[in-house]
Amino acid sequence: MQAALTSRWLSPFVGVAAILLSTAVVVAQDYKEAPILADQVAAGTLPPVADRLPETPMVVEPFESVGQYGGTWRLVMSSPSDIGTLARTIGYENFVRSVTWQPDVEQADIVPDVIMNVAESVDVNEDGSEYTFHLRKGHKWSDGEPYTADDVMFWYTDVYSNTELFPAKPTWSVRNDKPLVVEKIDETTVKFIFGGPNGLLLQYMATPSNDAEQNQPFAYPRHYLEQFHPTYNEAAAGAEWVQNFHAKADMWRNPELPRLHAWIITQGIGQGSGAQVIAERNPYYFKVDSAGNQLPYMDGVTVDIITDPQVTLLKAANGDFDMLDSYVGFVATPENRGTFFDNQESGGYEFYEVLPNRANLMIISLNMTHKDPVLREVFGNKTFRQALSTAINRDEVIELVWLGQGLPYQTVERPESPLFDEEMATQFTQFDIAKANEMLDGIGLTEKDGNGIRLLSDGRPLQFTMDISVIRQPWIDSAELIKGYWKQIGVDLLINTSDTTALNQRIESNEHDSAVWSASGGPDSLFDPKYYFPSSWAAFYATTWGQWFTKDTNPEEPPEAAKKQMALYQEVFATTDVPKRLALMKDLLAISAEEFYTIGVMQPTSDYGIVNKRMANFPGVLLASSEYAHPGAANPEQFYYAAP
């Protein structure tokens with residue numbers, strides 16, 4: 001497996017030419033469709049399948065075999081804000097897409113790449129500053145209306161370029177401080193022109209898009225949304241028009257919004273009882289299998305919204321869901337493996353392997369941009385952070401909470417990555433209470449109160465709160481152990497649990513003391529580097545510095561080290577020179593190691609999932625990460641239920 005993982009990690013450092021793979025072509029004399037759609041055609045309520053498909057449909061080669069129509073894919077999400085689960089399961093239809101990363105059992109070889117998807121092809125100029133996308137002739141939205149260059153231009157002119165809708169431009173679209181320019185060439189051709197080289201554009205476009213507000217150019221049907229835009233409809237103007245437009249463009253809460261996806265929402269988040277998202281097959285979906293059958297195979301999808309992890313665990317062990325792992329459903333964790341193992345026969349499921357792609361499964365971020373100047377001073381002291389790290393017994397935490405399934409590492413690329421740095425991984429991970437106390441004494445935190453808690457410069461006890469999302473119980477259990485360790489060095493930790501939405505709101509408003517999350521790794525670092533430098537508000541350790549980088553609200557100019565990283569990252573994103581890209585990332589990460597922004601607890605060594613035994617065309621090994629569309633890259637539209 002080592003060779004497979006190494007191959008996987010090298011892929012983000014390939015050049016533009018290497019990622020432009022052509023899609024398969026099948027000449028079908030007579031396309032076929034699901035029986036439920038054939039009945040509608042016979043009744044005259046739906047055009048024939050050949051009239052619903054593009055002139056050149058995208059062909060999906062089934063993983064195992066041509067499938068059977070019917071059935072409902074049963075999934076679960078952890079809360080109404082868990083858009084990531086929807087984005088990576090039924091929402092993965094980008095301009096381009098990641099290829100399924102599937103290791104050959106004998107060769108242990110993974111070949112990750114990017115292929116075309118919604119766009120049929122793309123031409124890239126020599127320096128990667130211009131991308132000409134060719135759309136599929138005859139492609140239609142889920143309501144049967146044409147999908148053309150006019151939809152892309154509506155997104156560009158009236159959404160992306162509208163400062164009321166999007167005051168800040170997404171990072172991928174700005175080069176040399178110049179925002180993207182889009183030109184319409186003809187009805188099916190658009191050109192994206194950047195202010196400089198944009199070498200990672202296609203790889204970025206292949207990452208899962210959590211919602212329409214991520215500003216992707218394929219999510220805005222002009223014929224529907226222009227009625228809510230004052231440029232086209234004077235009646236839409238008013239104080240609430242921006243909020244209303246975003247609501248109408250929300251693909252997960254507005255079932256009326258036409259889509260390009262395999263399944264279209266019929267009951268969105270917050271509708272009905274609020275306990276389930278429901279979707280049904282899109283009769284105008286643009287993909288077929290190798291035998292000319294229009295996809296998807298499954299008629300529909302249900303996604304239960306369950307906020308209690310224990311309820312999800314019980315239902316999953318009972319076989320109520322068709323797939324579940326630590327990225328979808330969140331409860332397929334090390335501590336729950338035994339429960340799933342004991343119930344696999346009665347639950348009708350089996351295990352599959354998930355290749356780990358986490359840089360760290362639990363990182364602690366102290367808010368160095370805290371509004372309280374005294375806490376800001378102490379959190380911003382690198383030695384303070386290093387002392388806290390030294391006072392964590394990672395071996396005990398990993399053994400007791402994570403059942404031994406991890407390495408005591410800081411936030412660092414995985415060992416399989418060409419960017420792995422062993423010194424960075426292991427620095428300040430040796431548990432030593434005496435050393436940690438000595439480090440805190442050395443920075444002047446010598447005075448203590450009657451309870452043995454060190455005093456801040458203004459005389460207050462050194463006490464702060466750690467915000468933790470309830471989606472992962474091991475975070476909470478680990479924090480309880482860490483609280484005890486830190487008590488031994490005179491630091492009083494309070495633990496606050498909340499749902500993810502509330503946690504993110506506190507962080508984005510810079511109201512937190514510290515917070516916990518996990519860190520993705522490998523290729524993700526190129527597209528989502530917030531764990532290594534403050535690239536957005538979601539860099540929990542420096543919210544306002546990240547907002548400065550993205551030109552967002554509440555920006556604060558960061559120190560020179562962070563600004564140097566920001567400049568390096570702009571070069572990384574721009575260059576098409578593969579060795580240069582790798583060298584730049586190494587330079588960026590070297591600064592991360594020196595600055596010690598976060599405290600990492602453990603890097604996972606293995607992962608797993610469970611899948612319905614009847615689910616066919618489902619790979620036995622999947623790769624998962626924040627920025628890789630898991631399981632979307634495995635083409636869920638070709639999953640099907642085999643006959644019992």
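The lining of the second largest pocket comprises 10 nonpolar, six polar and seven charged residues, where Ala, Val, Leu, Ile, Met, Phe, Trp, Tyr, Cys and Pro count as nonpolar, Asp, Glu, Lys and Arg as charged, and the others, Gly among them, as polar. The structure is a predicted model, in which local features need pLDDT of at least 70 and side-chain atom pairs count only at pLDDT 80 or more, while totals for chains, interfaces and linings use all residues. Residues are numbered from 1 along each chain as its sequence is written, and side-chain values use heavy atoms, with hydrogens and water left out.

The second largest pocket has a volume of about 540 Å³; a pocket here is an open set of points on a 1 Å grid over the protein atoms alone, where a 1.4 Å probe fits and protein lies on both sides within 12 Å along at least five of seven lines, and lining residues have an atom within 4 Å of a point. Grid points are joined across faces, edges and corners, and the volume is the space filled by probe spheres set on them. Of the 23 lining residues, V174, D177, F549, K551 and Q570 lie nearest the centre of the pocket. At least two lining residues come from each of β7 (174–175), α20 (543–549) and α21 (560–574), with helices (H or I, at least four residues) and strands (E, at least two) taken as DSSP runs numbered from the N terminus. The largest share, six residues, is supplied by α21.

Elsewhere in the chain, E93 sits in the loop between α5 (83–89) and β3 (96–98). With a relative accessible area of 3%, E93 is buried, a term that means under 20% relative accessible area with a 1.4 Å probe and protein chains only. The side chain of E93 makes polar contacts with the side chains of Y285, at 2.4 Å, and of N117, at 2.8 Å; such a contact is a pair of N or O atoms within 3.5 Å, one able to donate a hydrogen and the other to accept it, and residues adjacent in sequence count only if both atoms are side-chain atoms.

Helix α5 itself holds T85, which is buried at a relative accessible area of 1%. Beyond its neighbours within four places in sequence, T85 is in contact (heavy atoms within 4.5 Å) with V76, M77, Y327, V328, G329 and F330. S78, in the loop between β2 (72–77) and α5, is buried at 12% relative accessibility. S78 and I471 are 393 residues apart in sequence, yet their C-alpha atoms are 6.9 Å apart in space.

Technical notes. Buried < 20%, exposed > 50% of the residue type's maximum accessible area, 1.4 Å probe, protein only.
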